[in-house]
Amino acid sequence: MFGELMRWNPATELASWHRDIDDLFGRFFGRADSSMGTWVPRIETSRRDNEYVVRLDLPGVDPKDVQVQVDGNILSISGERKSEEKGTDYQETYYGKFERTVTLPQGVEPDKIAAHYEHGVLEIRVPLPAQLAGRKIPIQIGQKDSPKLEAKAA
């Protein structure tokens, strides 16, 4: 109603503005995530326990058309999403080849990397080297033992 106040959220306004600008540039120059028949799948990385986890959204991609390779500390994921329809009237889905690369920490053992594909999401788990895995620090409760200073008379 008219008397109610609405909280202004600048982050929402900024996200909306950013999306509008992307759409404007996309119409004029072509999509940023599609150029010359390629597309760029969305990616996220995180650290879980003692692993570095890389996830890619690959809806509609046959896992047989995806390759995962490691060269030194560079993880490369490439593949292709193939269109089943020919001559569509309207299209917002991108097809074609893709390649994404991620720089891994030094000391990663390539033969311990595992990849799993389920429900259109490729998840790659990279065990972290021991020096990067981290260590849990115990917290002592109470007073710590500290030597007492004694005052000496001069």
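1. Aromatic pairs. The count of aromatic pairs comes to zero, where rings of Phe, Tyr and Trp (its six-membered ring) pair if their centres lie within 6.5 Å, with planes under 30 degrees apart counted as stacked, over 60 as edge-to-face and the rest as tilted.

2. Basis of the values. The model is predicted, and local features need pLDDT of at least 70, while side-chain atom pairs count only at pLDDT 80 or more and totals for chains, interfaces and linings use all residues. Residues are numbered from 1 along each chain as its sequence is written, and side-chain values use heavy atoms, with hydrogens and water left out.

3. Overall composition. The chain contains two helices and nine strands, taken as DSSP runs numbered from the N terminus (helices H or I, at least four residues; strands E, at least two). Along the sequence the pattern reads α-β-β-β-β-β-β-β-β-β-α. Of the 154 residues, 20% are buried; buried means under 20% relative accessible area, exposed over 50%, and partly exposed in between (1.4 Å probe, protein chains only). Among contacts with a separation of 6 or more, 51% involve residues 24 or more positions apart, a contact being heavy atoms within 4.5 Å.

4. The open sheet. Four strands form an open sheet in the order β3-β4-β9-β8, with antiparallel pairing; two strands pair if DSSP finds at least two bridges between them. Its edge strands are β3 and β8, each pairing on one side only. The twist averages 20° from one strand to the next, based on axes that are lines fitted to C-alpha atoms (for helices, over the stretch in contact), with angles from 0 to 180 degrees between N-to-C directions. Strands β4 and β9 are joined by seven bridges, and Glu51 stands opposite Pro127 in β9. Between β8 and β9 there are five bridges, again antiparallel, with Leu122 in β9 as the bridge partner of Tyr117.

5. Most residues other than glycine have a negative phi.

6. The nonpolar core. The largest nonpolar core has 18 residues, and those with the most contacts inside it are Leu58, Ile77, Leu104 and Ile124. Such a core is a set of buried Ala, Val, Leu, Ile, Met, Phe, Trp, Tyr and Cys residues joined through side-chain atoms within 4.5 Å. At least two of its residues come from each of β4, β6 (74–81), β7 (96–103) and β9. Not counting residues up to four places away in sequence, Leu104 touches Tyr52, Asn73, Leu75, Ile113 and Val126.

7. Gly72. This glycine lies in the loop between β5 (66–71) and β6 and is exposed, at 58% relative accessibility. Its C-alpha atom is separated by 8.2 Å from that of Gln106, 34 residues apart along the chain.
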